[in-house]
Amino acid sequence: MLSKNDIIELNITSLTSDGDGVARTAEGIVVFIPNTAVGDEIQARILKVKKNVAYAKVEEIITPSPDRITPDCPVSKQCGGCVYRHISYDAELTAKRQKVVDCITRIGKLDESLVGNIIPSENIDGYRNKAMIPIGLDKNGEVTMGFYARHSHRIVPCIDCKLSPEIFNEIAADFYDFIKDRPELVDTDRNRQGIRHLYLRYAEKTGDVMVCIVAGKRSFDGDTALYNSLKEKYNQIKSIILNVNPDDTNVVLGKKSYTVYGEDCIEDILCGLRFDIAPRSFYQVNRTQAERLYGVARDYADLSGSEVLLDLYCGAGTIGLSMAKDCKEIIGVEIIPEAIENANANAERNGITNARFICADASEAAAKLRGEGITPNVVIVDPPRKGLTPELIETINKMHPDRVVYVSCDPATLARDLSQFETLHYSVKEITPVDMFPRTAHIESVCLMSRVKPHR
Ligand code: SAH
């Protein structure tokens, strides 16, 4: 029997969807070990034993996997952001494509051949145009700033994140210099007034940067001097915002934002269109790769100019708006009112007049649109991780579009939903995994379905 603190030899044979290594003991117990690679031979220390599975950590690497590379970040093991910094990008892409294949075959009961090649990210580092950097006090009362450890709210100190553009790290270092000797300015559980997060956004095409400080109240000692020094040092900073969040919640941003310098928004260009980025607007974090993702979705949508396109879970409208000139009409649906405001503003600022946006739950809006006799030719869905509801899939089926394009951030719920579509009038034609988030465990996929059976 396996017990806590046992040291055993293990061979890593696969990776979980979270990027942990998987090995099997001679007795058939499955052991999960983070920070390992397929092909590693290790000595592992058992940390926890459950009925058929155990959790362990690496004690020593006996023979390293050929996939291994030296991690170029000193906190990669502790930080909850990257899980693949210790393997080559090729090995990471293989693991991510395999994750999609596993879901499609095991959950979706579909054929592996439907999964095409994975589209790698052009940039593996520095690709994030958004960073939320928590600030707190460590157990010695020292100011700490960085990223959360995995499954935790413990801050791993880091102001030099490899996934961030250089300018974020420079601003973070300056901000740390400002706050490191002022623990009284930092929010703690007892004092919900202080500073909680440094939140940075970057419009890659225009070069504009937004600095947003999240605090429990509107001002703090030294704020004006800090704002002045930031705007003088970085001419890319076009907006400094103080967001007030006094609530006892895990949600980073509060409802009120005050522009303390420059504009309320920064502006970026995506698929040739201009988009405003406000602190609360949703915008794809890897811009270059978002263009590729939307490019696959556009190919799959195969528009000729005469179609009605229904864009469900549309966020700020980016997918639909990028296809507006190729169809007759776009109807976008999104549940967050601010995102709908952004979508309308984005249509207007790009001179797009054939788009309308509805603020509602996607399942309810689709049922209502169907009731009104709307029959879209193409439906695009881009739901959050939980995927679609069975009712929405039924409604889409009854709207009988020629094609359904499913953009998914979770291959498991994608696979579940595809299997329901397959019982109706739709057949999966192709799935393309797109790596939007190198070094993290996340993988995006785009799937094309066509109506194959005649509509009843
Ligand atoms: N397609 C957009 C956003 C995708 S993210 C883009 O590419 O930028 C998923 C979106 O679904 C989020 O904006 C979220 O607010 C929205 N959403 C979540 N639940 C929803 C629901 N039940 N109905 C409609 N939209 C929902």
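Between which strand and which helix is the loop that holds His86 found? His86 is found in the loop between strand E6 (53-63) and helix H1 (89-107), where helices (H or I, at least four residues) and strands (E, at least two) are DSSP runs numbered from the N terminus. The model is predicted, so that local features need pLDDT of at least 70 and side-chain atom pairs count only at pLDDT 80 or more, whereas totals for chains, interfaces and linings use all residues. Residues are numbered from 1 along each chain as its sequence is written, and side-chain values use heavy atoms, with hydrogens and water left out.

His86 counts as buried because its relative accessibility is 5%; buried means under 20% relative accessible area, exposed over 50%, and partly exposed in between, with a 1.4 Å probe and protein chains only. A polar atom of the His86 side chain lies 2.8 Å from the backbone oxygen of Thr36, which is a polar contact, that is, a pair of N or O atoms within 3.5 Å, for which, within protein, one must be able to donate a hydrogen and the other to accept it, and residues adjacent in sequence count only if both atoms are side-chain atoms. Not counting residues up to four places away in sequence, His86 touches Asn35, Thr36, Ala37, Asp67, Arg68, Ile69 and Pro71, contact meaning heavy atoms within 4.5 Å.

On the scale of the whole chain, the domain assignment gives domain 1 (7-68), domain 2 (98-121 + 286-451) and domain 3 (130-270), with bounds that come from an automatic or database assignment. The centres of domain 1 and domain 3, taken over C-alpha atoms, are separated by 37 Å.

The ligand comes next. Around the ligand there are 16 residues, of which Tyr294, Glu334, Asp361, Ala362 and Asp382 come nearest; a residue is near a molecule if one of its heavy atoms lies within 4 Å of it. This shell divides into 10 nonpolar, 3 polar and 3 charged residues, where Ala, Val, Leu, Ile, Met, Phe, Trp, Tyr, Cys and Pro count as nonpolar, Asp, Glu, Lys and Arg as charged, and the others, Gly among them, as polar. One oxygen atom of the ligand is 2.7 Å from an N or O atom in the side chain of Tyr294, and a nitrogen atom of the ligand is 3.1 Å from a polar backbone atom of Tyr313. Taken alone the ligand exposes 570 Å², and the protein buries 86% of that, the areas coming from the Shrake-Rupley method with a 1.4 Å probe.

Tyr313 also deserves a look for its backbone. Tyr313 is in the loop between strand E16 (308-312) and helix H5 (318-322), and it has a positive phi of about 65 degrees although it is not a glycine. Most residues other than glycine have a negative phi. Tyr313 is buried, because its relative accessible area is 19%. Lys109, in the loop between H1 and strand E7 (130-137), likewise has a positive phi, of about 55 degrees, without being a glycine, but Lys109 is exposed, with a relative accessible area of 68%.

In the loop between strand E12 (237-244) and strand E13 (256-262) lies Asp247, which counts as partly exposed because its relative accessibility is 39%. Asp247 touches Arg192 and Arg196, leaving out residues up to four places away in sequence.
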